[in-house]
Amino acid sequence: MPLAIVSALPEEQHGLQALLHDARTERHAGRDFTRGQLHGQDVVLALSGIGKVAAATTTAVLIERFAIQRLLFTGVAGGLAPQVRVGDVVVARQFVQHDMDVRPIVPRWQVPGYAQPCFACDTALTGALQQAAQQCVQAAQGWQLALLGGHAPQVHSGLIASGDQFIVAASTSQRIHSELHAAGYPALAVEMEGAAIAQTCADYGLPFAAVRTISDRADDNAHVDFPAFVQSIASRYALEIVQALVRD
Ligand code: ADE
């Protein structure tokens with residue numbers, strides 16, 4: 001049974017498609033799904049598009065139509081915690097929806113019907129992903145250092161916050177970070193799909209892991225940093241981390 005590899009944007013998965021053996025593409029729900037073998041492992045590549053609904057639809061198709069066994073998300077995110085810088089890598093341990101608010105019916109950030117606001121990633125797959133990320137970040141120091149003006153990239157692991165909002169103001173990211181932090185949810189990064197995939201995978205009991213490279217600081221410069229980073233670095237990371245994971 002295959003491993004699904006999902007990203008929101010084509011740049012976040014660029015190069016993986018070319019490495020597939022015996023690639024066959026099918027279209028469902030307006031999206032392309034490509035089956036094939038990557039380093040001898042059965043995989044399905046999919047691009048979800050942006051946002052929580054798009055991510056949940058893609059995940060449901062992968063589970064219902066492709067009988068996937070595990071799901072890996074690879075992409076970029078905005079840095080939220082002060083120590084998380086552009087070029088760093090965040091391996092998700094848990095996800096929360098920063099825009100979910102059904103108070104006073106349930107506590108803030110909690111999705112009604114679930115026990116608490118955070119959705120956990122699979123421990124074994126996340127451990128393997130953490131090792132793969134560490135290995136790749138060390139190997140990437142040379143080209144990364146040149147592109148990032150001397151900052152040696154770090155691998156972080158922890159909570160990621162998702163919401164249907166591209167964060168382009170320091171005031172917004174500071175608010176999201178401080179409100180979550182004060183409630184005991186110290187989010188490292190912000191993006192727009194992970195928590196939806198985590199929730200869908202939880203519904204189906206499917207192991208899920210996610211890795212995000214930091215493309216911007218979700219601040220007033222994010223609209224400039226994001227496209228530059230996605231073009232230059234994100235795809236290299238995705239390619240190397242995914243390959244390191246499936247090879248091991
Ligand atoms: N993904 C990458 N950068 C982001 C940002 N600033 N806001 C939301 N999602 C992102």
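Modeller: Go ahead. Bear in mind that this is a predicted model.

Biologist: Why is Asp22 called exposed?

Modeller: Asp22 has 8 other C-beta atoms within 10 Å. Exposed means 12 or fewer. So Asp22 is exposed.

Biologist: What is the phi of Asp22, and where is Asp22 found?

Modeller: Phi is near 55 degrees, a positive value in a residue other than glycine. Most residues other than glycine have a negative phi. Asp22 is found in strand E2.

Biologist: What makes E2 hardly covered?

Modeller: The count of buried residues. Among the eight residues of E2, residues 21–28, that count is zero.

Biologist: How do you know that E2 and E3 pair?

Modeller: Two strands pair if there are at least two bridges between them. E2 and E3, residues 31–38, have six bridges, in the antiparallel sense. Arg24 stands opposite Arg35 in E3. The two strands form a hairpin with two residues between them. In that turn, Ala29 has a positive phi of about 50 degrees.

Biologist: And Ala67: why does that residue count as exposed?

Modeller: Ala67 has 10 C-beta neighbours inside 10 Å. The cut-off is 12 or fewer, so Ala67 counts as exposed. Ala67 lies in the loop between helix H2 (52–66) and E5. Its phi is positive, about 45 degrees, although Ala67 is not a glycine.

Biologist: How do you know that the peptide bond from Arg103 to Pro104 is cis?

Modeller: From omega, which is near 0 degrees. Most peptide bonds are trans. Pro104 lies in the loop between strand E6 (89–97) and strand E7 (119–120).

Biologist: What makes helix H5 mostly covered?

Modeller: Eight of its 11 residues are buried. Buried means 20 or more other C-beta atoms within 10 Å. Among the buried residues of H5 are Gly194, Ile197, Gln199 and Cys201. Just after H5, Gly205 takes a positive phi of about 70 degrees.

Biologist: Where does helix H6 bend, and by how much?

Modeller: At Val230, by about 55 degrees. The angle is between axes fitted to the seven residues ending there and the seven starting there. Val230 is one of the buried residues of H6, as are Phe229 and Ile233.

Biologist: Which element gives the largest share of the largest nonpolar core?

Modeller: That core has 76 residues, and Ala4, Leu71, Val90, Val96, Ile160, Ala187 and Ala189 touch the most other members. The largest share, 11 residues, comes from H6.

Biologist: With which residues is Ala189 in contact, leaving aside its neighbours within four places in sequence?

Modeller: The partners include Ala77, Gly78, Val90, Ile160, Arg212 and Ile214. To count as a contact, the C-beta atoms must lie within 7 Å.

Biologist: Now the ligand. Which residues come nearest?

Modeller: Of the 13 residues around the ligand, Gly78, Ile167, Glu191, Ala218 and Ala222 come nearest. Ala222 is also among the buried residues of H6.

Biologist: Which elements supply at least two residues of that shell?

Modeller: Strand E5 (70–79), strand E9 (187–191), strand E10 (208–216) and helix H6 (222–247). The largest share, three residues, comes from E5.

Biologist: How do the shell residues divide into nonpolar, polar and charged?

Modeller: Nine are nonpolar, two polar and two charged. Gly counts as polar and Glu as charged.

Terms used:
Residues are numbered from 1 along each chain as its sequence is written. This is a predicted model: local features need pLDDT of at least 70, side-chain atom pairs count only at pLDDT 80 or more; totals for chains, interfaces and linings use all residues. A residue is near a molecule or strand if its C-beta atom, placed from the backbone, lies within 6 Å of it. Helices (H or I, at least four residues) and strands (E, at least two) are DSSP runs, numbered from the N terminus. A nonpolar core is a set of buried Ala, Val, Leu, Ile, Met, Phe, Trp, Tyr and Cys residues joined through C-beta atoms within 7 Å. Two residues are in contact if their C-beta atoms, placed from the backbone, lie within 7 Å.
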